[in-house]
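We'll go stop by stop, with something to pick at each one.

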Amino acid sequence: MKLDVIPPPSRAATDLNYEADLKTALDPILMELLDRAEHAGWDRRKTAYTVMFLAARNLTDGKHPPANGSSAG
């Protein structure tokens with residue numbers, strides 16, 4: 001699985017099936033990410049929680065994390 005390949009939407013964002021299609025597109029990528037983190041020794045549940053945290057933070061502050069990985073900001 002290539003993590004950089006996400007199929008484009010085939011419906012408008014206002015379509016009732018848009019989110020279902022997005023879940024279908026992102027599910028294998030998320031599973032791959034969780035599998036890779038677990039394989040590296042990270043706890044799968046904590047990895048999933050961290051992904052949710054980072055996604056929410058990205059929406060609230062609209063910024064990418066610093067290049068050095070610092071959580072300050």
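Which helix gives the most to the lining of the largest pocket? Select α1, which contributes nine residues. Before you click further, note that this is a predicted model, where local features need pLDDT of at least 70, side-chain atom pairs count only at pLDDT 80 or more, and totals for chains, interfaces and linings use all residues. Residues are numbered from 1 along each chain as its sequence is written, and side-chain values use heavy atoms, with hydrogens and water left out.

**Stop 1: the pocket**

Color α1 (18–39) and α2 (44–61), as each supplies at least two residues of the lining. Helices here are DSSP runs (H or I, at least four residues), numbered from the N terminus. The largest pocket has a volume of about 360 Å³.

The volume is the space filled by probe spheres set on the points, which are joined across faces, edges and corners.

Color the lining by type and you get ten nonpolar residues, no polar ones and three charged. In this scheme Ala, Val, Leu, Ile, Met, Phe, Trp, Tyr, Cys and Pro are nonpolar, Asp, Glu, Lys and Arg are charged, and the others, Gly among them, are polar.

Stay on Val-51, which lies in α2. Val-51 counts as partly exposed because its relative accessibility is 29% (buried is under 20%, exposed over 50%, partly exposed in between, with a 1.4 Å probe and protein chains only). Draw a C-alpha to C-alpha distance from Val-51 to Leu-33: 9.6 Å in space, for residues 18 apart in sequence.

**Stop 2: the salt bridges**

How many salt bridges does a search of the whole structure find? It finds four, each being a side-chain nitrogen of Lys or Arg within 4 Å of a carboxyl oxygen of Asp or Glu.

Pick Arg-36 and Glu-32 to see one of them, with the closest N and O atoms 2.8 Å apart. Both residues lie in α1, four residues apart, about one turn of the helix. Arg-36 is partly exposed at 44% relative accessibility.

Next, select Asp-35, Glu-38 and Arg-44, which are linked in a network of salt bridges. Asp-35 meets Arg-44 at 2.8 Å, N to O, and Glu-38 meets Arg-44 at 3.0 Å.

**Stop 3**

Switch to a surface and select Tyr-49, Met-52, Phe-53 and Leu-54, which make a nonpolar patch of about 450 Å². Nonpolar patches join side chains of Val, Leu, Ile, Met, Phe, Trp or Tyr within 5 Å, from residues with over 30% relative accessible area and no salt bridge. Areas come from the Shrake-Rupley method with a 1.4 Å probe. Tyr-49 lies in α2 and counts as exposed, at 55% relative accessibility.

Finally, go to Pro-28 in α1, partly exposed at 35%. Its C-alpha sits 9.8 Å from that of Ile-6, 22 residues away along the chain.

Conventions: On a 1 Å grid over the protein atoms alone, a cavity is a set of points where a 1.4 Å probe fits but cannot get out, and a pocket is an open set with protein on both sides within 12 Å along at least five of seven lines; lining residues have an atom within 4 Å of a point. Patches are made of residues with over 30% relative accessible area and no salt bridge: like charges are joined within 9 Å, nonpolar side chains (Val, Leu, Ile, Met, Phe, Trp, Tyr) within 5 Å.
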